[in-house]
Structure formats: C-alpha cells, structure tokens
Amino acid sequence: MWGSPNPSMGARAGLVCLSSSLPTTTTTTGDDRIHVFWHDGMLNHDPGTGVFDSGIDPGFLDVLENHPENSDRVKNMLSILKKGPLSPFISWHTGRPALIPELLTFHTSGYIDELVEADRNGGKMICAGTFLNSGSWDAALLAAGTTLSAMKHILDGHGKISYSLVRPPGHHAQPTQADGYCFLNNAGLAVQLALDSGCKSVVVVDIDVHYGNGTAEGFYHSDKVLTISLHMNHGSWGPSHPHSGNVDELGDGDGFGYNLNIPLPNGTGDRGYEFAMTELVVPAVQKFQPDMMVLVIGQDSSAFDPNGRQCLTMKGYREIGRKIRTLADKLCDGRLLIVQEGGYQVTYSAYCLHATLEGALNLPLPLLSDPIAYYPEDEAFSIEVIGSIKQYQRDTIPFLKGS
Ligand SMILES: [Zn+2]
C-alpha cells in the first residue's frame, strides 16, 4: 500500500511547505498545533456553472452562478488559515495523489475503472449535480491521497491533530457509486488505512449538513467503525443516494448498531447541536472506546449556507470542535483526523472552519468574532426530537442499552 517511493516524505521531512502558495512554516511538533494537508492541484476541479448545482442553463437567466462546490470556497478556507489569528497554531504539509491500489481499499475496481474511463473521455456528469470535468479526476486523486497522508502523519506519531483541507468532497461517495459532488471517499479511505495499520476501532463523527451515506455504507457491516452522522432530515434524493439517513439505518450483521443517524429538524442551531453532542454523540463514543477519532466537517450546517437548512454559527462549531477534542484526548491519546467536506457560503464557511479548529485546539477564548450570526434559535423542537432519538437508540442498539 505504501510501497511507492515514500509518499509521506513531505510530512516526514518535518513540516516543510512544498507548495509555492503556502507560507513557510514552523518546525514544532507539539500537541498544540494542527497539521494542515493541502495541495493546489485540487483547485483545478471545476464543476461549471448553471442554475445552482444543476449544470443547466435553460436560457431564462442573464446571470448564472458557479456550481456551489467551486474552488473559491476552499481558497477562502486556505486563506483564513494562513492569514487569520489561528495561523501561528498551524503547520502546513503538501498533499499528494492517491494510488489506484489505495483506492481499492474502499472502492471497487469496476467503479474506479468507470471514473478513469470518464476522465479519459473528457469527463461527464456522473450523477445529479456531480460533474467530472477535465482536471476533476486529478483533483479527486489529490483529495484522497492528501487525506491518506494526513492520517498517516498521525499513525506515524508525527502529530496528534491533522486537518485534510480537500475538494472534491468525499462522504457521499460509496464503494460503487459517486454521489452529491463526491467521487472518492476521502475519510473512508483514511479510516481503512487506520484499521490496516493496526487501529482496532475508529469513530467517525460527521457534522456536514448532509448524511454521510458513503462512509456509512463502506463500513455498514463492520463493528470496528462507529459512524455517527448529524444531518438535516433530507431523506433519499435519487438513485445515487437511496439511503434515508433515518434513525433505523443502523448497520447490518456485525455492524448492527454501529451506524448512528441523527437527523435533526430544520433550523437546529448551536444549542440543538450541543444537546445532540452531549446526549447522543459523547455517550456513544465513550461506550465504543475508539483508538482513533475522525471528525468530518461541512460548514453547510451553518445558518447561512445555500445548501443546508440548519443554523449553526461559529460558536456552535467551536463547541463541537472542543467536545471532539476532549473525546480524542480522553479515548484516543489525542489522535484526531479532521476531514473537509461541504460548506458552500463562500465567506462564512471559512469563518466557521476557523472556529471549529479553534475548538479542536481547545483554546480558552475565541480568536475570531462572528461577523454575521444573528438568527435567534428556537431549540424546543430539536431538543424533543433528540430526546426521542436517544430513547430509540437505548431501546434498539445493543451496545447502548442501559447507557
Ligand atoms: Zn453537505
């Protein structure tokens, strides 16, 4: 798997920045830093323009818009980490493309062949809203390989917290199916690498506003990976996404009970998410006792995202980051991989990312104030729903009974 000419050499070389656009970095490898993995080549994926994410121009509009999963959103995430107050806490690493044999640890060869063929033929729409254009496949390989490098950095003991800043995203990509702007399941590949490297159990907490169906499906029959997804209650959205994301999709066989879906009512905000974390996520993770923590983040659960209907603000993201860090410290010797997924509001997503990483660093005070949060939250309904999910899980899931 890692038999290629030292694919993690950039990381092992000691936090050297190899990309021209990245700042020169420190050589500190303490626990109080985040190791960010990035490669400029991921900017070359261009899903085009149209009516929102359709890629269609019916001819009625003078002004079309960029596909929501455009490079600008990630340019701002990169920028805020380089220029924002968190920058002294960050070490930069250059990512690398995944190798085809690495992809086969999560995806089938038939599926990968389909993507390679689509790329060779100049690209096409793989499924609704998901466009593999010229440059997309190379970017997808970089997203997968960069996430593998971020995980490898932790596994090799070079750092405790890695953040994989990648696009195209991955958590909807299933072993045999692209979906929801995703081709390769970056987080799923990293989880499998952790298992193949000796980790006995891995937890994945996914706070992107959409159900992490691809990651769930990849480990649906496994009791070694606990997948937890907090998402809006969007249900299935077509042939590429048959999963409902409902509470009763619990896993199969040995994996029964190890996929926890937490569909939250539209409008759930900071207090609702905090309640879900405290009542559902933290107790389940403590019972599961993982030795590696993976936090899958999407800022499309923010109050201003065009692709989500939730109301998280920077404060809420910060608290989620803090709670996950506390769990990682308690259960996983501080080992935490953070993987980027969605988040489509081009400016606020970057601020919410900054807040999440502040939380993951467990900083005592916010470093950056929220420029726009103002929606009042009425959390009563969310809290009622979370209470009923808790009861359902206690009644149904063997490892949570009596918790
Ligand atoms: Zn999403």
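Two residues are in contact here if their C-beta atoms, placed from the backbone, lie within 7 Å. With that settled, I turn to the structure, which is a predicted model.

I begin with Tyr317, a residue of helix H9. Leaving aside its neighbours within four places in sequence, Tyr317 is in contact with Leu312, Cys352, Ala355, Thr356 and Gly359. Is Tyr317 buried or exposed? The model gives Tyr317 28 C-beta neighbours inside 10 Å, and the residue therefore counts as buried. As for its place in the fold, the C-alpha atom of Tyr317 is separated by 29 Å from that of Ser136, a residue 181 positions away along the chain.

Let me now consider the helix pairs. Two packed helices are described by the angle between their axes and the distance between the axes. For H9 and helix H10, which spans residues 348-360, the axes come within 6 Å and cross at roughly 30°. The cut-off for roughly parallel is an angle under 35 degrees, and H9 and H10 are therefore roughly parallel to each other. H9 passes H10 in a right-handed crossing. On the H9 side, the residues that make the contact include Met314, Tyr317, Ile320 and Ile324; on the H10 side, Tyr351, Cys352, Ala355 and Leu357 are among them. Divided by class, the residues of this contact are nine nonpolar, three polar and five charged.

On its other listed pairing, H9 (residues 314-331) packs with helix H8 (residues 270-288) at an angle of about 15°, the axes being 9 Å apart. H8 and H9 are therefore also roughly parallel to each other, and H8 passes H9 in a right-handed crossing. From H8, Asp270, Tyr273, Glu274, Met277, Val282 and Val285 take part. They meet Lys315, Gly316, Glu319, Ile320, Lys323, Leu327 and Leu331 of H9. By class, this contact of H8 with H9 has seven nonpolar, one polar and five charged residues.

In soluble globular proteins, nonpolar side chains tend to be buried together. In this model the largest nonpolar core has 109 residues, and those with the most contacts inside it are Ala190, Val203, Val204, Met293, Val294 and Leu336. Which helix gives the most to this core? Helix H5, residues 136-155, does so, with eleven residues.

Notes: Residues are numbered from 1 along each chain as its sequence is written. This is a predicted model: local features need pLDDT of at least 70, side-chain atom pairs count only at pLDDT 80 or more; totals for chains, interfaces and linings use all residues. A nonpolar core is a set of buried Ala, Val, Leu, Ile, Met, Phe, Trp, Tyr and Cys residues joined through C-beta atoms within 7 Å. A residue is buried if 20 or more other C-beta atoms lie within 10 Å of its own, exposed if 12 or fewer, and partly exposed in between; C-beta atoms are placed from the backbone. Helices (H or I, at least four residues) and strands (E, at least two) are DSSP runs, numbered from the N terminus. Axes are lines fitted to C-alpha atoms, for helices over the stretch in contact, and angles run from 0 to 180 degrees between N-to-C directions. Angles under 35 degrees count as roughly parallel, over 145 as roughly antiparallel, 65 to 115 as roughly perpendicular and the rest as oblique. A crossing is left-handed if the near helix is turned anticlockwise from the far one by less than a right angle, and right-handed if clockwise. Ala, Val, Leu, Ile, Met, Phe, Trp, Tyr, Cys and Pro count as nonpolar, Asp, Glu, Lys and Arg as charged, and the others, Gly among them, as polar.
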